[in-house]
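Me: I'd like a close look at one helix in this chain, and then a sense of what the rest looks like. Here it is.
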Amino acid sequence: MWIASSLEHHYDRFRTIWTMLRGNKPVWPQFTQRLAWKLRPYFLRHPLPHDIACWRLRDANADDIDQMTRVETENSSWWKFLTPFFAAHGYHLYAPFVELLSDYSHPLPLDGHPSSRQTHPFARRLYSANKDCKFFFKNCIRGARDAYGRDVVIRIVSGPERSRELEILKRLTSSPALKDPRNITIPILDWLEFDGLTFIVMPRWDPAWIHDFGTVAECIHITDSFLAYLDFLHQHRIAHMDIHAGNMCINTIVPSFYSHLTGLRNPAVTRYAMIDFGVSYIYPYDMPLETVREELPIYAWAFHGLEDEKGPFNPFCADVGALGTVLDRHVRVIRDVVPEIVPFIESMTTPRPDDRPTAHEAYLKFQALKASLTSEQLQAPVTDLSYRGDGHYQRKYVYKKRPQLPDPDWSP
């Protein structure tokens with residue numbers, strides 16, 4: 001009698017636990033899927049390379065179309081293989097518009113609509129249909145939605161041999177670094193590992209410079225944010241080495257191919273971030289910045305708006321020049337209201353690297369410039385879109401009818 005009663009008691013407990021697991025649907029399936037993917041490398045020969053250089057297609061010849069087609073197809077197969085792995089962790093990859101070699105992807109279903117509310121660090125969602133949410137993917141990144149329907153980006157950052165990018169991200173996400181208000185590294189929401197490969201999950205944000213500036217204050221805000229961040233990076237002995245408009249982000253997601261919109265840069269709700277440390281350098285904290293020299297086989301000097309430096313160069317000086325080039329194109333447009341901005345930017349982009357200010361000097365100088373501005377200057381409208389060089393400025397485009405955007409239903 002006692003044995004029967006005991007067995008019945010244990011059966012009831014098992015049935016209760018099983019009912020709880022079934023009632024909370026994501027718990028049991030995700031647990032079993034994660035366990036299966038942890039064991040999978042030991043029982044299955046998977047096609048994924050461990051060398052991070054393979055994922056970055058570093059040995060591919062961009063001029064050889066046949067080779068690029070072959071390696072990009074292979075790269076797509078790696079992400080396809082990992083699709084159930086990401087799903088087991090609650091991340092559902094966007095689907096390509098055209099199988100394999102399409103450059104754009106979208107959330108599923110294509111005719112569906114986003115349903116979740118996004119809060120910081122997720123972007124202000126300004127599209128209303130999945131078909132308007134095109135994402136341009138590359139060999140190292142894919143767009144996805146998390147289990148709550150929020151838009152994210154997944155990026156591979158390291159193989160089993162710990163990469164420099166992973167070392168940098170660990171330093172940037174250390175507890176002291178995260179407490180620094182200058183730190184606008186894109187937030188890392190999750191770290192995923194599969195057989196020695198490390199992936200990070202980030203909120204999906206738009207490129208930082210696609211929206212028009214409405215006022216001088218908005219130009220000052222973005223300049224202040226990135227100058228402070230460069231000062232922060234260099235203080236932590238990290239040289240980004242790839243500062244350009246595509247690696248700077250703003251916390252919006254607008255419908256695909258919408259640009260030059262105004263009203264999206266209110267400093268009260270706008271956040272900026274830097275991404276992509278794939279070619280960055282990291283040094284010991286006691287390394288004097290002025291003594292650092294690197295000699296790279298390839299550095300896109302012209303792409304970063306800089307003159308080619310022969311032989312060893314200082315990567316921190318290159319960072320200052322590259323950021324100055326971005327500011328020259330997009331922030332110089334306030335020169336009629338804030339004439340001091342022109343010599344400030346030109347000091348950062350001077351052809352002689354030794355004559356450029358350090359990131360810290362540039363930041364302090366800009367703080368003095370900002371403090372001198374009146375409320376009238378800050379509220380003055382911005383009429384130009386960008387500086388094209390040689391004294392020529394591009395006027396803003398004017399929509400015949402401004403696109404209607406949904407309420408982002410977002411809070412900081």
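Which residues in α4 are buried?

Reply: Bear in mind that this is a predicted model, with local features needing pLDDT of at least 70, side-chain atom pairs counting only at pLDDT 80 or more, and totals for chains, interfaces and linings using all residues. Numbering starts from 1 along each chain as its sequence is written, and side-chain values use heavy atoms, with hydrogens and water left out.

On to your helix. The buried residues in α4 are Q67, M68, V71, N75, S76, W78, W79, F81, L82, F85, F86 and A88. Buried here means under 20% relative accessible area, with exposed being over 50% and partly exposed in between (1.4 Å probe, protein chains only). An α-helix has 3.6 residues a turn, so residues three or four places apart point the same way.

α4 itself runs over residues 65-88, which is 24 residues. (Helices are DSSP runs of H or I with at least four residues, strands are runs of E with at least two, and both are numbered from the N terminus.) From first C-alpha to last, α4 reaches 35 Å, close to the 34 Å expected at 1.5 Å a residue; that expectation is 1.5 Å times one less than the number of residues. There's a kink to look at, too: α4 bends by about 40° at L82, and P84, a proline, follows within four residues. The bend is the angle between axes fitted to the seven residues ending at a residue and the seven starting there. After α4 comes G90, with a positive phi near 90°.

Zooming out, the chain holds 11 helices and 19 strands, and 49% of its 412 residues are buried. Counting contacts (heavy atoms within 4.5 Å) between residues at least 6 apart in sequence, 71% join residues at least 24 apart.

D224 forms a salt bridge with K370, their closest N and O atoms being 2.9 Å apart. D224 sits in α7 and K370 in α10 (residues 359-371), 146 residues apart, so the pair links distant parts of the chain. D224 counts as buried because its relative accessibility is 17%, while K370, at 28%, is partly exposed.

Lastly, the loop between β11 (206-207) and α7 (216-235) carries H211, which is buried at 1% relative accessible area. Among the residues H211 touches are D206, H260 and R265.

Notes
A salt bridge is a side-chain nitrogen of Lys or Arg within 4 Å of a carboxyl oxygen of Asp or Glu.
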